[in-house]
Structure formats: C-alpha cells, structure tokens
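Here is a short briefing for a first look. Keep the sequence and the structure at hand as you read.

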Amino acid sequence: MNHIEADFLLKSRDAFLSSASLTLQDLRDRVAGGAEGTDRRDTLSALDTVARAFARDLATIKADAATVRTLLASGTAAQLGLSDKRYANVRSAIVGAVRRFGEPIVPVTRRIAFADSWRDLLNLVETRHHRFGLHRLACFCSVMGIEADQVDRETLLGLHEALEAEELVKQPRRLLKHTIALWNICRRTVSDWPNITLASPFEHDIIALPITAFPESFVEDLGCWQRRVSKVDPFDNDAPRRALRQTTINNQTAILIRIASALVRSGTVELQDVTSLAVLVEVEHFKTALRFIVARQPDGEPTPYIHRMANILRYVAIHYCDVDEAQQSDLTDLCERLDPRQPRQMSSRNRERLRQFDDPEAVLRLLNFPEAEAERGLAQTNLLRAAKCFERALAVSMLIHCTLRIGNLRTINMETDLRRVGRTWYLNIDGDRVKNGQPLDFELPEALTRLLQTYVRDHRPQLPGATGPYLFPGRDGGPRPHSTMRIDISDALRKRAGLVMNPHLFRHAIAKIVIERDPGLAFSISRQLGHKRMDMTMQHYLGTEGRSAGRQINRLLNKALADPIVPED
C-alpha cells in the first residue's frame, strides 16, 4: 500500500460486518411467538437468566454468534452464581435459539464480491483449498481497494481487525497465519503471483542472539562467571558475599546475553569483538547497550527491569571484571540515573484482582475451596480424577495456610520436608531453596493434616510418578511442572469458585484477609510470608489494610461520639 489513512484499522473493522441488527430481546420475542412446549419455556428462562446474571438489558446485546460467544465466555458458572449444569443448559439453549430464530449470517466470501483483479489472480491457483484459503484476504482487499501488489504489513493488520470483528471467526490470529502461509506458497508455485513475501504483522521484541552466535571466548568467560557466583570464597575480598541460586544464575545469564546482543544490534560493536564480559562493562558500551534497550520501550523511558539489568552488569563489573574505582563510580552513577524511582509497591494488576475479596462471599469461596474440592473427589468414580481433585484440594489448602510460593509448593519432598511429632505435622523448607534465602517452618493445622494424610494414603498412589519422593509428583517422578500446576489451580478456582487468581496471588490475598480483620497481625503475616523486612510486606503485599484501619478508627470515633469522656474537675 502506498498510503495508509490514519483511521485505516478502524475502517478495517467494518469490512466484514453484516448488516444484521437483531438483539437478544428481538430473539426472545421470536422465541415467545414461535417456539412451543418445554423448548419455549427453557429458552425464555435461559435468556432471562443471562439478563439477570450479567445485569444487561437484552435489547443492548446483539444476537449474533460473536457477541453471544464473547458474552458467555466472560463469566464462569461460579462467578454468575449458577451451577455448572445450569450454566451449560443456559449456553446450549441460547446458542440453539440464535441458530434457529436469529438472522442467518451469510459467510463473508458469499456476501462480498471480489474485485476483477483479485478474481483473475485467484483463478491462477489450481489447488482448491489454497484458493479458498485466500478468499477472505481477497474480500478484504476488494472492500478496501487494495491491489494484490500492494499487500503489506498494514494490509495484514487491517485483515486481522476485520477478522476480529467478523461474526463467524473464532481464532483470527490462526486464520491470519494460515492466510500468510498460503500466500507464500502461491508466491513460490504460481506464475505471475506478486513477488511479495508476507510475515506476521505483529512486532516481536526479540533482541537476544543465541549464545552459540558469540565467540567461544565469550561463552567460556560467561561459564567462569557462573562458577564464581555459584559458591562463596571467604578468603577473596572481591568475591560476592553469598552464592547465587541456580535459578538466579540462569536469569542473570539470560540478561547478560541480552545486553551483549543489544550492544551488537546497536551497530557499535561487531559480534566477533564481544570476546568477554569485560567488553560489556566498558562505560561507553554499557551506555550504548542499555540506551538501545531503553529506546525500544513504548515511551522511551527506563523501566524497573532495565534498572535491574544495569545493576546486574555493575555487579559483574565489580565482583568479576575487577574494574577500577573510577569505572565503578561511573557505572554506579549510570545505574542511579536509570532508576525510574517508582515506589516499591503492589502492582496495579494484583491490586485490582484483590478487590474481588472485598466481597465476603468470595473470601468464603476461597477458604472453603479445599473442602469442596475434596468432596468433589469423593464423588468421582474414576480413581485418577478423584486423585487430581484431592491433589488440588491439598495444594490450595497449603497455599492458604502456608502462603508458599509455587516453586516451593511443587517441590515439597515427603522424605525431607515433612515430619510428624505426635499428632502434629510440620513442614520445613531449607533457606537455600527459598527465593530470599529465608528458611520456612510451618506447623500444619488439623484440617490440613487430615487432608494431607488422606491424600498420601488413598489418592497420591493413583497419580503418575507417585513412586518419586515429591508430594505433588510429575509424570517422570520429579516434581509437578510449574506451568501445569499453576494452570490447574487457576482454572479450577475460576470454574468452581468464580475467583480469578494465580497461585502467587494467595500470598497477597491471605495477607489482605488477615490484616483487614486484625491490623495488629501485620508482623505475624510478615513472618508467615517469609519476608526479611517488614517494609517488604507493607509495600508489596498489603494494598488494602488502610481501609481496615479506617474502619476501626471510625468505630472508635463513633464510640467517642456516643460516650464522650467528660474531664474531671
């Protein structure tokens, strides 16, 4: 395309839209007048349930597949106060009503005629499914007045907007990817096809080069640094004071490779000249690499992550590259100037998600989840499904009562971390396995202990990998994978408790629940979370304790108003 109008993407969204204007209220009227018997009753009831559950007027909701699909996917049964079975019936009834009583939507490729040039081009494609797969692109370009030799990135972005708005498309990105692939096949196999290679129009923030691309001397030096920071030498005054955990070393290694790649991509240093970490900590190279990364930010400003990258590079300079005091001073000054000075506090996303626990019912659903999930497991006839229910119940109970990070939760070793003294069970996790190095020590409450014993005795043996030592086993006998455990817990909480949260949010949620009921327990919850400093708890985990303190102050003020203290003469 030679020129892209400012509102091109906005216009693109209208390219495939049909003129259908039927609403769910119109649909309800049609059902009331055209359906009979239980079908009529159930469909009207389903539509009325949707209106109540989503607090929406049916007259404001379009009765097309895309709108109804988006609406029904925006809430779970638990969030809407419905049983799973009832919500499934509601969805089925409404989808069926849209199909039977709604206005039929003619597919885009039948509603929109191709421009002559596009029809001639597609006629060159002999493979039938290749030709059909390019029909939507041809329709879009015909509507927007784009010729085949003008197709480019902006065209693809516009097509994606049109697909997003189209009623019948469920996965726009997948369809766009398929279209791009077919176009490139035709470019190679069809004579007279425009010599344009298409690629994904979405930008990817890829800076890091593969480590194999760097000189061998740089890779060897990086390995030496890794070995140095993995253990402490008390007789080396320049060595770090404590060894880094392997996870930290891996993260910092990735950051150093990213910085080295940014230096190369900036055009200042050739790849073959990045021979050691000392090249990165030269002051001008330090500036160049980080300036390149800052420039790629949406607002062109340093972020906390970039500030962390700078500090890691400064750490390498001081404890590994042995730079002189003048260079140390320059690097320290640069790090200070890259500090965005943002207050250390809870993220806005976590603060927003915690608001669901302003509702006492949400708090009850969270705290009752382990018992409810265990009862659900008892109702299962399939032994593996029952075991998975008890596994989730135990995991969530431990997140509630021990506020563990998921990395520690999934790696609980039954042989070394759990012990029993009399009737009491204890969980002890060494500090070298904890993010901040603080050991964790918990006395498990009675309800959690009963659940633990039932799970280990009756249900854990049914899980794949149960011959290993981990409380939550993976299929290979190791610990349960981080991502699958996180997704399993999050999905179950959303579907069955109506709560949108990941495992780490338990730490914030439990702190909120406790402190809002008793602000005096701030120190206790700080110890429970395993924080070294109280300010970490106050700044990062307690986002709403001010409201609780305010309520207590208001109660005292009301009491003072009702029972004033009269000074003695």
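A polar contact is a pair of N or O atoms within 3.5 Å; within protein, one must be able to donate a hydrogen and the other to accept it. The model is predicted.

**Helix H10**
- Helix H10 covers residues 153-165.
- At its start, a side-chain oxygen of Asp152 comes to within 3.2 Å of the backbone nitrogen of Glu154.
- The 13 residues of H10 should span 18 Å at 1.5 Å a residue, and the end C-alpha atoms are 19 Å apart, which agrees.
- Buried residues of H10 include Thr155, Leu156, Leu157, Gly158 and Leu159.
- His160, Ala162, Leu163 and Ala165 of H10 are buried too.

**Helix H2**
- Helix H2 runs over residues 24-34, and Leu24, Leu27 and Val31 are buried there.
- These residues cover an arc of only 50 degrees around the axis, so they sit on the same side of H2.
- An α-helix has 3.6 residues a turn, so residues three or four places apart point the same way.

**Asn413**
- Asn413 is in the loop between helix H21 (406-409) and strand E1 (418-421).
- Is Asn413 buried or exposed? Asn413 is buried, because its relative accessible area is 13% and buried means under 20%.
- Leaving aside neighbours within four places in sequence, Asn413 is in contact with Leu418 and Pro469.
- Tyr470 is 57 residues from Asn413 in sequence, yet their C-alpha atoms are 4.5 Å apart in space.

Definitions and conventions: Residues numbered from 1 in each chain as written. Predicted model: local features only at pLDDT ≥ 70, side-chain atom pairs only at ≥ 80, totals over all residues. Heavy atoms only, no water. Helix = DSSP H or I, 4+ residues; strand = E, 2+ residues; numbered from the N terminus. Expected span 1.5 Å × (residues − 1). Buried < 20%, exposed > 50% of the residue type's maximum accessible area, 1.4 Å probe, protein only. Arc of directions from axis to C-beta. Contact = heavy atoms within 4.5 Å.
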